[in-house]
Amino acid sequence: MDRLHLTRRALLRGSASVALAAHLPPTVVAAENKEFHLVAAPAKAALVGAGDPETAVWAYNAAVPGPEIRIRQDGRLRVTVENRLAEDTTVHHHGIRLPNAMDGVPHLTQKPIAPGETFVYEFDVPDAGTYWYHPHHNSAHQVGRGLSGPLIIEERDPIQVDRDVVWVLSDWRLLPDAQISDDFRNMHDMAHNGRVGNTVTINGRVPDAFEVRSGERIRLRLINAANARIFGLTFSGHTPMVIAYDGQPVEPHQPAQNRIVLGTAMRIDLILDATGKPGERFQVIDNFYRGLEYRLVDLVYADAVLRPNRLDAPIALAANTMPEPSLSSAERHEVTFNGGMMGQMMMRDRGGMGGTMNMMEMMHTGKIWFINGVAMLGHVMEPMLTLKRGRSYVLAMSNETAWWHPMHLHGHAFRVISRNGAPTKLSEWQDTVLMAPREKVEVAFVADNPGDWMFHCHILEHQESGMMGVIRVA
Ligand code: C2O
Ligand code: CU
């Protein structure tokens, strides 16, 4: 989307408009209300491109990814979801700080939407940023077959860029005939790094080239909608600046090693200044998994130059509306993750039964991952923590497994305040924090949104084999 046009307010600042301004009604911009209709149903998608067979998918409005939901900050969103699948579903608007009843968690916050039924989600959008939506029922299956879509909330005062581009990154496990392998939720995926597929798409297509113009400034919104794949992207020849994590503004900075690491469900907004010359071509490489490096797409320079020099305009975004946690008075809770292969498969179930699990037990019970000793299967259980509304909390999380876990809390955003005991430089706000094997991460937030909120790993195969809990804000 082109963002070069002047805003109404900017126009009114111009001298020619001053005389006129007196006669205009007060410039209160009415909150924007927007309505969307999503139909979840089987469909066909040309993921791998022309000449290859289409893939049978499950999709919103027959599109992969689903239609972009875009609304201005402070607006009110109404999303009607019609279920034409053969099984129950729900929609979770990931990262939005909405009322609990609109959170889309089956049995916990709503009755699942049965086949043929419709459910209306309606809520205000307090914070600008890049978000997404996806089912929260049978998620590994439903997301893995194609159900997800982008949700963009525009700033009141957007920064100036030439193009606002969304890349929904998805990962598919395709068979040679381009159909989705139906080995969902197998023991191997669940106990290792999840269902990492073999085909990555950008906005539902295996990409080849992304055209840019010399001098162009692009706001690139990356959304990781994969079940399990984590991305580590390098834009060769370029130095993109990170301006937001999970939709939340952060001090603009170049990421470590100039590599953008995006765990599942995470979003990163980049400012990509196209500093190459007409006709040049640069690779975007994903090298997150050792030995599995591949070229995601090429940046290809058009013949025309847009501007000779880098655009000279600020790129920092205005802060969102989260309350600031008080670190001095915050109550601290330890949260430990165990399980998976090559980890210590510790189980300390409710009954106080202790001990180590073996593969046989995991297969028998489906319990592979544990939060504070408990493996949660299904969405309803006693809360692992009950927090007081309005209080500040620190969750001191330890990943005692051999695997990466992107940990997501519903209904809130938190500041990532330390990693392995060292304070983070930027105290970034996130709703999903990627933890490396054996890493310790502390997050801080104010528990200001009442309700029962899911707290889980967003590798969907981990989530569905125990790595999930409920945090109650009362
Ligand atoms: Cu993206 Cu519990 O969700
Ligand atoms: Cu995990």
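Okay, before anything else, a term we'll need: a nonpolar core here is a set of buried Ala, Val, Leu, Ile, Met, Phe, Trp, Tyr and Cys residues joined through side-chain atoms within 4.5 Å. And keep in mind that what you're looking at is a predicted model.

So, with that term in hand, the largest nonpolar core has 91 residues, and the members that touch the most others are Trp 167, Phe 235, Met 397 and Phe 455. Strand 19, residues 294-305, gives the most to this core, with 4 residues. There's also a second, separate core, this one of 10 residues, and Ala 45, Leu 47, Val 57 and Ile 180 are among them.

Let's zoom in on Trp 167. What does Trp 167 touch, if we skip residues up to four places away in sequence? The list includes Phe 235, Leu 296 and Val 297, plus the run Leu 220, Arg 221, Leu 222 and Ile 223. Ile 202, Asn 203 and Phe 210 are on it too.

Next up, the metal. Which residues coordinate the copper ion, ligand 2? They're His 405 through ND1, Cys 457 through SG and His 462 through ND1, at 2.0 to 2.1 Å. Along the sequence, those donors follow the spacing H-x51-C-x4-H. The two histidines link distant parts of the chain: His 405 is in strand 24, residues 405-409, while His 462 is in helix 6, residues 460-463, and they're 57 residues apart. Buried or exposed, what about His 405? Buried, with a relative accessible area of 0%. His 462 is buried as well, also at 0%.

Strand 24 pairs with strand 28 in the antiparallel sense, over 4 bridges, and the bridge partner of His 405 in strand 28 is Met 435. In a regular strand, side chains alternate between the two faces of the sheet. Now look at strand 28, residues 432-435: Thr 432 and Leu 434 point one way, Val 433 and Met 435 point the other way, and all are buried.

The order is 10-9-12-17-14-15, and the pairing is mixed. Strand 10 (199-202) and strand 15 (248-253) stand at the edges with a single partner strand each, so one side of each has no neighbour in the sheet. From one strand to the next, the twist averages 25°. Inside that order, strand 14 (residues 241-245) and strand 17 (residues 267-273) run antiparallel and are joined by 4 bridges.

Terms used: Residues numbered from 1 in each chain as written. Chains lettered and ligands numbered in written order. Predicted model: local features only at pLDDT ≥ 70, side-chain atom pairs only at ≥ 80, totals over all residues. Heavy atoms only, no water. Donors = N, O, S within 2.8 Å, 3.2 Å for Na, K, Ca; no water. Buried < 20%, exposed > 50% of the residue type's maximum accessible area, 1.4 Å probe, protein only. Pairing = 2+ DSSP bridges. Axes fitted to C-alpha atoms, helices over the stretch in contact; angles between N-to-C directions. Contact = heavy atoms within 4.5 Å.
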